[in-house]
Structures are given as C-alpha cells and as structure tokens.
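Here is a short tour for anyone with the sequence and the model open side by side. Have your viewer ready, and let's look at what the side chains are doing.

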Amino acid sequence: MNEFKGHFKSVKSIIVIAIIFGISYLLADFMTTVADQLDLGGSKDGFAIGTLMIVFGLGFLFIAGLSHDLMNREISSRTMRFLVTKTTRTKILLGKYLGGWFFWFFCITVSYLLVTFVSKEFLWLGVVDCMLFLSVALALNLIFSIVMPKPAVSMFFGIVFALVFPALSFWAIYADSIYTNWFKYLTPYYYSTLGSYYILINLIYAVLLFIVAREIFKRRDL
C-alpha cells in the first residue's frame, strides 16, 4: 500500500496519468467519427487505440520514469536493512512489485472506463492485454533496480532500455531475417501482437522474471 500510494505523490506521476487519460479519451472520441471509414464493424477494439498506443509505445518509458527505483531507493537510503529485519526478502520484493503493479492497473482501468463513455462497452480484454504486457516491463525494471545500486543509474539505464528495446522488438517481429527473428521470442510485444490466448505467455514471462529478481535479491548485499 505504501508503494502504491507513493506513486501518486510525484509531479511526474500526475503528468503521466494526465497523458494516459487524455490521449485515451481523445482518440476514443475521434474513433467515433471515423469508425465507418475504417470499417470497424462490430469491433470495439479501435476505440482503445489511444491506450494501446501509450502502453505499447511508451509503456517501458513511463515505467522507467516512475517505477525505476522500486528497490534501490530503499537500498541506497539503507532503510532496506531495517525492512529485512521485519519480514522476508521475498515479501518485500512482492510488496514492491504489487504496489507498482496496482498503480498501473489503476491507470489502465480508469483509461478504459473513459473509453467506455464512447464505446459504450468496457473492453476488459484490452485491460488484460495491457496489464500482462506492463507486468513484464515492471518485472524487468524490478531487476534493474536490484542490480543497479543508485536510482539515478537505474533511471538512466531504464530510459535507454525503453528507447532501444521496443525498436529491437519490432525489428525482430517484422524483419524477415533469420539473424534477428529469434529475438522476437524474448519480447512481450510479440505475444501481444499474436493476440488471443498468446497474451497469457506474458504472464508466464513476468513470473519468470520475478523469480529471477527474487534470486538476485536474495544474494544482494544490503
């Protein structure tokens, strides 16, 4: 709960929330005027294009900006030494992760509620897809925040990663090259683009990354 509430206390969080909400609603409203031309038919997915664009285009960047210091903030300030005397490292790690996860769940859910005013239907599958994707991004940043001791370092690396990783991911997915094609299986973008039940692979991906983070944190000198 402390981690969840802490995400709302910075100006950066308010700006990010405003961007997500604003673009989601404006693009959903725009889709009402072009639905016939785009031949959406009975599908409502087009109305959520704003949220999808933000999540898949800027999701890693937003998480790098707001959730990059989930662990090293406590480690660098030495408060982590106190926390480990009160509970286990796994519970600390899980609490930090879930706090960040529920913050993004709140943002995505409210975004889709705003879209509902236009689409007249709550696109729950879009929420699931976005959150499974963000679960992977958040787990990766959790690892970064454990490995890198300073929040400034993890933020810089996270931003660079957020710029390079999506570009490499889409290149691997759409480039017809045997030398890069293998990389698509390491990116959550691939399983989201496949759609259907394939998006559940991102859940497995996030769990595996969390296990890696736990093992690293267990061996981390505080």
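## A serine tucked inside

With a relative accessibility of 0%, Ser 67 counts as buried. You will find Ser 67 in the loop between H3 and helix H4 (72-76). Its side chain has a partner there: the side chain of Ser 67 makes a polar contact with the side chain of Trp 104, at 3.3 Å. Please keep in mind that this is a predicted model.

## The overall fold

Stepping back, the secondary structure consists of 10 helices and 0 strands. The chain has 222 residues, and buried residues account for 47% of them.

## Aromatic rings

How many aromatic pairs does a search of the whole structure find? The search gives 22. One of them joins Phe 60 and Tyr 189, whose ring centres are 6.1 Å apart with planes at 25°; planes under 30 degrees apart count as stacked, so this pair is stacked. Phe 60 belongs to helix H3 (residues 49-66) and Tyr 189 to helix H9 (residues 188-194), so the pair ties together parts that lie 129 residues apart in sequence. Phe 60 and Tyr 189 are both buried.

Tyr 190 and Tyr 191 give another geometry: their ring centres are 5.3 Å apart and their planes meet at 65°, so the pair is edge-to-face. Tyr 190 is buried, and Tyr 191 is buried too. Elsewhere, a charged residue meets a ring: Arg 89 lies over the face of Phe 217, at 5.4 Å from the ring centre.

## Salt bridges

The count of salt bridges comes to 5. One of them is between the side chains of Lys 96 and Glu 74, with N to O at 2.7 Å. This pair links distant parts of the chain, as Lys 96 sits in helix H6 (residues 89-119) and Glu 74 in helix H4, 22 residues apart. Are Lys 96 and Glu 74 buried or exposed? Both are buried.

Now look at Glu 215. Its side chain meets that of Arg 214 in a salt bridge (3.3 Å, N to O). Glu 215 also forms a salt bridge with Lys 218, where the closest N and O atoms are 3.9 Å apart. Glu 215 and Lys 218 both lie in helix H10 (residues 201-218), 3 residues apart, which is about one turn of the helix. Through shared partners, salt bridges join Arg 214, Glu 215, Lys 218 and Arg 219 into one network. As for accessibility, Glu 215 is partly exposed at 26%, Arg 214 is partly exposed at 26%, and Lys 218 is partly exposed at 44%.

## A nonpolar patch on the surface

Which residues form the nonpolar patch on the surface? They are Phe 156, Ile 159, Val 160, Leu 163, Val 164, Leu 168 and Trp 171, and together they have about 670 Å² of accessible area.

Leu 163 is a handy member to select. Its place is in helix H8 (residues 151-174). The relative accessibility of Leu 163 is 56%, and a residue over 50% is exposed, so Leu 163 counts as exposed.

Conventions:
Residues numbered from 1 in each chain as written. Predicted model: local features only at pLDDT ≥ 70, side-chain atom pairs only at ≥ 80, totals over all residues. Heavy atoms only, no water. Phe/Tyr/Trp six-rings, centres within 6.5 Å; stacked < 30°, edge-to-face > 60°. Helix = DSSP H or I, 4+ residues; strand = E, 2+ residues; numbered from the N terminus. Buried < 20%, exposed > 50% of the residue type's maximum accessible area, 1.4 Å probe, protein only. Lys NZ or Arg CZ within 6 Å of the ring centre and 35° of its normal. Patch = residues over 30% accessible without salt bridge, like charges linked within 9 Å, V, L, I, M, F, W, Y side chains within 5 Å. Areas by Shrake-Rupley, 256 points an atom, 1.4 Å probe, with all protein chains shown as cover. Salt bridge = Lys/Arg side-chain N within 4 Å of Asp/Glu carboxyl O. Polar contact = N/O pair within 3.5 Å; in protein donor to acceptor, adjacent residues only side chain to side chain.
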